[in-house]
Amino acid sequence: MAADSTFDYIIVGAGSAGCVLANRLTEDPEVKVLLLEAGPSDWHPLIHIPLGMGKMHDWMLFDWGYHTEPEPALNGRSIEAMRGKVLGGSSSVNVMAYTRGHRGDYDRWASNGATGWAYGDCLPYFRRCETWEGGASEFRGGDGPLGTEFAKTDDPLFPAWIEAARQAGLPVSKDYNGADGEGFGRSQYTIRNGRRSSTSNAFLKPAKKRPNLRVETRANVARVVLEGKRARGVDYTHHGMQVRALAEREVILAGGTFNSPQLLMLSGIGPADHLKSVGVDPVVDLPVGKNLQDHLAAMIMFTRPTNPSPFRDTLRADRIVRAMIQAYLFGTGPGTVVPGGLHAFIKTSPDQPVPDIEFMFRGLPGAAGMWFPGIKKAYLDGYGIRPCLLHPESRGEVLLRSADPTAAPRIVYNFFSSPNDLPKLREGFKIARDVAHQKAMDPYRGEETATTAKARTDAEIEAYLKRAAITAHHPAGTCKMGTDAQSVLDPQLRVRGVEGLRVVDASAMPDMVGAHINACVIMMADKASDMIRGRDPLPAANV
């Protein structure tokens, strides 16, 4: 296999982290970068029209198609584990929620060995990445590549939820990405000028004009090329050809929580006994793939027989077709609006150091879809509240299925294996139901749907959660950074025991932040770019 070409840096994965890295590293015109992505280009209109995400999910477009192994505590169910396979990665297919997490999450990282990742260290990078519609402040950015904005949903349901929170004695936040990281708050999304602000749109597309960046899509990386214990490049398949690319400085894995540990293990970096069991010769024995965690959640749905959502009128067939065309051509109209308007981060008890439950709010029923008078009747309107466990104690792992790089990894979450997780989510469920039955919700609330209505006792609620809970698609932790024996990476995100190799993605998180993880991954990649370039970090914030 002959060398195809040589670069300063090779980035594997053009997702949320990879696109940021490609942009920042190629700011230096003397640096040559190769960015490899297994998926296609992000040309599809459904990616860029915010309302298009529903159909992308329904049709499983631009998805790796992963599922977990059967989960014993979830009645043996195999759980769908969607991950983006396209330029922009999961930032091109996610629900666009922009949530950073509580400041205490990052301070916990730092106190547990992730030196340099306290909240004050991370906030300047959140700010540098972002253009917030409200303008720059001590917490928000005003001129970064990533566009962020408040939800534009025009539905009185969401102000009613806010009032219901007050009636239930729960806090309300003006900006959960600002000083008030706890409480019910108006949703924020990565949308700019009516279009999805994916990392491909925000970071990669401006950088693609630079002659020192090469981007290759449909490039499937098989292994990291090692010379002794130094990363020298990667082997990959591109258009049916076997290619080797070499890196003078570093190979940077940004494939995400499932694919980065898989590639490390295929390259001989991982748990030695496991690697031997699938026919891979171990080179460096590290706990790669361990520490897997995710947010687990289950929905409580209600019918909405009165005061129906304005969104139902939008879904009339002639109107939604016009709305999608308008959104794609002009970035205006109802196709640019996500049918959700609220997120909440709450504590199940006052002694919790950070919020331990999130409520995600759904503004339409599962049966929502196009309708037209005389042809298909409009659906019965509805809405939901989805309690989500933010800081699970259960830990799983990612394993190789075989030494074949085209075989999907084995994903074993071990949900509810910690005895504290199920009771915690059960308490979140009970609080969510209490909020939903406050007086402020009376004008909108019909019947609680049958799937949860019969779950009244603690045992019945727990049985429902085992039967219905799914992930929030926030996998993290399989290449943990830190200083203890369970760390795969040091706090500079360098693979321990290997020169010239880093991992920059959600797999590097020591544990879960209490948020949708995309904002955090973007921040991590921006901060890592300064580390890679040998620059001093931005001055820590004192807020």
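E462 lies in helix 14, which spans residues 458-468. The structure described here is a predicted model, and in it E462 has a relative accessibility of 19%, so that this residue counts as buried, the cut-off being under 20%. When the neighbours within four places in sequence are left aside, the residues in contact with E462 are L422, P423 and R426.

P419 was examined as well, and this residue is found in the loop that connects strand 21 (410-412) with helix 12 (421-436). With a relative accessibility of 67%, P419 counts as exposed, because the term applies to values over 50%. Along the chain, P419 and D105 are 314 residues apart, and the distance between their C-alpha atoms is 22 Å.

A packing between two helices was also characterised. Two packed helices are described by the angle between their axes and the distance between the axes. For helix 1 (residues 16-25) and helix 15 (residues 518-532), the angle is about 35 degrees and the axes are 8 Å apart, while the crossing of helix 1 and helix 15 is right-handed. On the side of helix 1, the residues that take part are S16, A17, V20, L21, R24 and L25, and these meet N518, V521, I522, A525, D526, A528, S529 and I532 of helix 15. Sorted by class, the residues in this contact between helix 1 and helix 15 comprise 9 nonpolar, 3 polar and 2 charged ones.

Strand 2 runs parallel to strand 9 (residues 213-216), and the two are joined by 4 bridges; in strand 9, V215 is the bridge partner of L35.

Finally, the cysteines were considered, and the structure was found to hold 0 disulfides. C122 is in no disulfide, and the nearest cysteine sulfur, which belongs to C520, is 7.0 Å away; with a relative accessibility of 0%, C122 counts as buried. C129 is buried, its relative accessible area being 3%.

Technical notes
Residues are numbered from 1 along each chain as its sequence is written. This is a predicted model: local features need pLDDT of at least 70, side-chain atom pairs count only at pLDDT 80 or more; totals for chains, interfaces and linings use all residues. Side-chain values use heavy atoms; hydrogens and water are left out. Axes are lines fitted to C-alpha atoms, for helices over the stretch in contact, and angles run from 0 to 180 degrees between N-to-C directions. A crossing is left-handed if the near helix is turned anticlockwise from the far one by less than a right angle, and right-handed if clockwise. Contact means heavy atoms within 4.5 Å. Ala, Val, Leu, Ile, Met, Phe, Trp, Tyr, Cys and Pro count as nonpolar, Asp, Glu, Lys and Arg as charged, and the others, Gly among them, as polar. A disulfide is a pair of cysteine sulfur atoms within 2.5 Å. Buried means under 20% relative accessible area, exposed over 50%, partly exposed in between (1.4 Å probe, protein chains only). Two strands pair if DSSP finds at least two bridges between them.
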